[in-house]
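Me: Could you take a close look at the place where the two chains meet? I'd like one connected walk through that part.

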Number of protein chains: 2
Amino acid sequence: MDPVKIIEIKENVFADNDAQAERLRKELKSQKTFLLNLMSSPGSGKTTTLLKTVESLKERLRIGVMEADIDSAVDAETMARTGVRTIQLHTGGMCHLDAGMTKQGLQELSIEDLDLAILENVGNLVCPAEFDTGAVKNVMILSVPEGHDKPLKYPLIFTVCDALIINKIDVLPYFDFDMEKVKEYALMRNPKLKIFPISAKTGEGVEAWTEWLHQTVTEWIE
Amino acid sequence: MDPVKIIEIKENVFADNDAQAERLRKELKSQKTFLLNLMSSPGSGKTTTLLKTVESLKERLRIGVMEADIDSAVDAETMARTGVRTIQLHTGGMCHLDAGMTKQGLQELSIEDLDLAILENVGNLVCPAEFDTGAVKNVMILSVPEGHDKPLKYPLIFTVCDALIINKIDVLPYFDFDMEKVKEYALMRNPKLKIFPISAKTGEGVEAWTEWLHQTVTEWIE
């Protein structure tokens with residue numbers, strides 16, 4: 001095993017992916033479709049947050065959802081019940097999606113008549129942050145039970161995201177979670193980060209997030 | 001980019017890692033040191049569980065801890081306060097540890113006088129499961145807020161683990177978490193899996209876990 005060769009290949013993969021992601025974003029712009037890449041740890045509430053988001057925006061935007069999972073179709077089945085077009089992407093063991101895989105998904109989803117395509121990435125705070133999917137905006141969810149120290153431990157994902165949703169604020173009383181500290185740590189990684197504390201379960205705070213998303217999508221597809 | 005070449009390299013890396021992991025396990029056996037690889041999502045309570053584990057066993061076993069993180073030394077600083085030998089491994093952006101990285105860590109930790117070396121792997125349910133670190137046993141933590149569907153979505157990690165700790169049972173009343181279902185799904189992936197529901201915060205259930213670990217370590221180092 002020659003480590004130098006492996007590093008070269010990794011760099012080529014990243015460089016190629018960045019170029020492919022840029023091409024995909026240009027295609028999306030000309031097609032007037034916004035692609036949102038949603039990332040988080042397993043179990044932080046991506047699907048529940050998406051359900052609330054779709055319910056709030058589906059009368060105003062034409063939405064499609066791609067649920068990426070290593071296995072199973074649990075999330076896609078749940079999402080399809082909202083009535084929006086949903087497909088399941090199986091990554092075949094891969095821990096992230098790259099621009100090529102995302103483009104393949106978009107073709108399957110068929111985005112010609114969509115304003116907003118949402119990619120629910122694989123639950124992972126590390127690898128998805130390293131691969132530009134071609135999304136217009138990256139958004140991550142951190143949930144209260146995960147702890148306020150995560151921006152210190154997983155810096156890259158906080159750097160590449162445009163918005164941070166802090167989910168499960170309904171259980172704040174039961175966890176040692178410092179909302180001011182998490183905001184301070186996250187903004188230290190990325191001063192431009194928009195932060196939305198929400199409870200996808202109770203609906204608290206969801207409107208501020210969906211209004212930001214609605215405005216951001218509208219500006220892109222104009 | 002030639003996908004065939006990338007697949008070949010990946011296979012070589014895995015094959016080489018498996019061989020290196022086997023060699024490391026043999027070295028550990030002859031040195032009478034047990035290596036535990038602890039994996040989980042970010043924020044599932046690995047460090048708190050380890051603190052309780054170390055407190056419970058440090059009078060009976062000579063323990064050392066390796067805290068793997070992409071960045072920061074938050075966990076190592078916390079762990080060092082227990083008085084057990086602790087080192088921080090920075091993975092330099094890598095989402096997992098392989099056998100070579102683990103061996104390097106063990107050399108830094110210096111295991112000649114240790115019965116039990118514990119590796120707290122990077123918080124990630126996907127990539128760490130793919131790389132044999134050379135550990136004698138793999139253990140994972142799933143926490144109640146992450147949801148009972150995780151064995152359906154992240155099958156590999158449940159397959160490669162010997163024990164599953166279900167942490168944060170103190171917050172069971174506040175989450176829609178079905179303990180029977182999670183056990184059923186996990187045992188479907190791995191019928192031999194030992195399952196320990198615990199609250200690292202309150203201490204509930206911790207003894208059953210530490211007694212199992214103590215017995216397993218004792219059998220290895222005899």
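Reply: About 3100 Å² is buried between chain A and chain B, and carbon and sulfur atoms give 63% of that area. Keep in mind that this is a predicted model. On the chain A side, the residues that lose the most area to chain B are A:P42, A:K153 and A:Y174, which together make up 19% of what that side buries. Chain A puts 41 residues into the contact, and chain B puts in 41 residues.

Now for the polar side of things. There are 2 salt bridges between chain A and chain B. A:K153 turns up again here, in a salt bridge with B:D75 whose closest N and O atoms are 2.8 Å apart. Between the chains, 9 residue pairs are in polar contact. As for helices, α1 (3-31), α3 (74-80) and α5 (150-153) of chain A each bring at least two residues to the side that touches chain B, and α1(A) has the largest share of that side, with 5 residues.

How do the two copies sit relative to each other?

If you're wondering about a disulfide across the contact, the count over all chains is 0. The sulfur of A:C95 has its closest cysteine sulfur in B:C127, but at 3.4 Å that is too far for a bond, because the cut-off is 2.5 Å. A:C95 counts as buried, at 12% relative accessibility.

Note on methods:
Residues numbered from 1 in each chain as written. Chains lettered and ligands numbered in written order. Predicted model: local features only at pLDDT ≥ 70, side-chain atom pairs only at ≥ 80, totals over all residues. Heavy atoms only, no water. Buried < 20%, exposed > 50% of the residue type's maximum accessible area, 1.4 Å probe, protein only. Contact = heavy atoms within 4.5 Å. Buried area = accessible area lost by both parts, 1.4 Å probe. Salt bridge = Lys/Arg side-chain N within 4 Å of Asp/Glu carboxyl O. Polar contact = N/O pair within 3.5 Å; in protein donor to acceptor, adjacent residues only side chain to side chain. Helix = DSSP H or I, 4+ residues; strand = E, 2+ residues; numbered from the N terminus.
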